[in-house]
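Here is my note on the structure, as numbered points to read with the model open.

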Amino acid sequence: MLLARHGQSEWNALGKWQGQADPPLSDLGRAQARAAARSLGALDAIYASDLQRAMETAAIISGELGVGPVILDADLRERDAGEWSGLTRDEIKQRYPGYLPEDRHTAFAPERGTPKRPPGWEADGPLRTRVLRALARLHEAVPDGDVLAVTHGGVIYVLEDHLGERFHRLANGEGRWIEIGDEKMRLGDRVLLVDDDGTPVTVPDQL
């Protein structure tokens with residue numbers, strides 16, 4: 001199973017934290033989705049979060065590859081960002097002083113301890129539970145073959161952390177292969193799907 005981050009959204013381009021808000025893809029995000037399709041081989045199924053930036057990315061890939069229909073799963077949604085949804089990093093620093101580190105690369109570093117988050121923020125535990133529930137459901141539906149699940153950065157980060165991988169930022173159109181068996185799950189490689197044909201690569205780093 002390849003869990004891939006959606007193409008650039010309009011809020012990604014503006015530097016806004018999204019969470020479960022629902023902005024569409026930017027024009028560049030649509031180009032990234034088309035580039036991702038050209039990087040992918042044969043797929044047996046395509047799933048997506050029900051937020052439109054993921055749905056649209058998956059629909060473009062589906063149309064390019066002739067694989068479908070895209071199956072939506074709400075458990076693949078991004079983490080709820082609570083009161084930070086719609087805010088830029090600078091706005092968060094002004095309204096929530098001391099919550100964010102100066103160095104963006106340490107935003108999720110374990111040595112920082114438990115970071116401060118705003119009301120309405122979806123904690124790692126509930127997020128991890130619903131993501132694992134979704135993956136179990138996808139594996140049951142397609143136990144063999146290659147599956148693409150178009151999802152969000154926070155979903156992939158929490159899964160990587162669960163399986164022992166330290167935090168590293170994901171680009172739009174970047175993904176992580178996951179090997180899923182009936183009793184175990186293992187991280188495969190990260191792959192950047194938009195880097196072979198000159199399509200610009202974007203790495204949202206609001207936090």
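1. A word on terms before we start: contact here means heavy atoms within 4.5 Å, and a residue is buried when its relative accessible area is under 20%. Please also keep in mind that this is a predicted model.

2. Let's begin with helix α6, residues 153-162. How many of the residues of α6 are buried? The count is 8 of the 10, so the helix is largely enclosed by the rest of the structure. The buried ones are Gly153, Gly154, Val155, Ile156, Tyr157, Val158, Leu159 and Glu160. Against which elements do they pack? Their partners are the helix α5 and the strands β1, β4 (147-151), β5 (174-180) and β6 (185-192).

3. Two packed helices are described by the angle between their axes and the distance between the axes. Here α5 spans residues 124-141, and the two helices pack at an angle of about 90 degrees with their axes 10 Å apart. Angles of 65 to 115 degrees count as roughly perpendicular, and α5 and α6 are therefore roughly perpendicular to each other.

4. Which residues make this helix contact? From α5 come Asp124, Leu127, Arg128, Val131, Leu132 and Leu135, while α6 brings Gly154, Val155, Val158, Leu159 and His162. Sorted by class, the contact of α5 with α6 has 7 nonpolar, 2 polar and 2 charged residues. Just after α6, you will find glycine 164 with a positive phi of about 90 degrees.

5. Now for empty space inside the model. Rolling a probe the size of a water molecule over the atoms shows where empty space is left. The structure holds 1 cavity of 30 Å³ or more, and the largest cavity has a volume of about 50 Å³. Its lining is made by Ala4, Arg5, His6, Gly7, Gln32, Ala33, Ala36, Thr57, Ile61, Val150, Gly173 and Leu193. The elements giving two or more residues to that lining are β1 (2-5), α2 (27-39) and α3 (52-65). The largest share, 3 residues, comes from α2. By class, the lining of the largest cavity has 6 nonpolar, 5 polar and 1 charged residues.

6. One of the residues lining the cavity is alanine 4, whose place is in strand β1. Is alanine 4 buried or exposed? Its relative accessible area is 5%, so alanine 4 is buried. Leaving aside neighbours within four places in sequence, alanine 4 is in contact with Leu148, Ala149, Val150, Thr151, Ile156, Glu174, Gly175 and Leu193. Among these contacts of alanine 4 is Ile156, one of the buried residues of α6. The C-alpha atoms of alanine 4 and leucine 170 are separated by 9.3 Å, although these residues are 166 residues apart along the chain.

7. Please look next at the second largest pocket, with a volume of about 160 Å³. Lining it are Met1, His139, Val142, Pro143, Asp144, Gly145, Asp146, Val147, Trp177, Ile178, Glu179 and Ile180. Which element gives the most to this lining? The answer is β5, with 4 residues. The lining of this pocket divides into 7 nonpolar, 2 polar and 3 charged residues.

8. Valine 142, one of the residues lining that pocket, is found in the loop between α5 and β4. With a relative accessible area of 17%, valine 142 is buried. Beyond its neighbours within four places in sequence, valine 142 is in contact with Asp44, Ala45, Tyr47 and Val147. Val147 is also in the lining of the second largest pocket.

9. A cis peptide bond joins glycine 68 and proline 69, with omega about 5 degrees, and proline 69 is found in the loop between α3 and β3 (71-72). Glycine 15 lies in the loop between α1 (10-14) and α2, and at 22% relative accessibility glycine 15 counts as partly exposed. The C-alpha atoms of glycine 15 and glycine 164 are separated by 29 Å, and these residues are 149 residues apart along the chain.

How values were computed. Residues are numbered from 1 along each chain as its sequence is written. This is a predicted model: local features need pLDDT of at least 70, side-chain atom pairs count only at pLDDT 80 or more; totals for chains, interfaces and linings use all residues. Side-chain values use heavy atoms; hydrogens and water are left out. On a 1 Å grid over the protein atoms alone, a cavity is a set of points where a 1.4 Å probe fits but cannot get out, and a pocket is an open set with protein on both sides within 12 Å along at least five of seven lines; lining residues have an atom within 4 Å of a point. Grid points are joined across faces, edges and corners, and a volume is the space filled by probe spheres set on the points. Ala, Val, Leu, Ile, Met, Phe, Trp, Tyr, Cys and Pro count as nonpolar, Asp, Glu, Lys and Arg as charged, and the others, Gly among them, as polar. Axes are lines fitted to C-alpha atoms, for helices over the stretch in contact, and angles run from 0 to 180 degrees between N-to-C directions. Angles under 35 degrees count as roughly parallel, over 145 as roughly antiparallel, 65 to 115 as roughly perpendicular and the rest as oblique. Buried means under 20% relative accessible area, exposed over 50%, partly exposed in between (1.4 Å probe, protein chains only).
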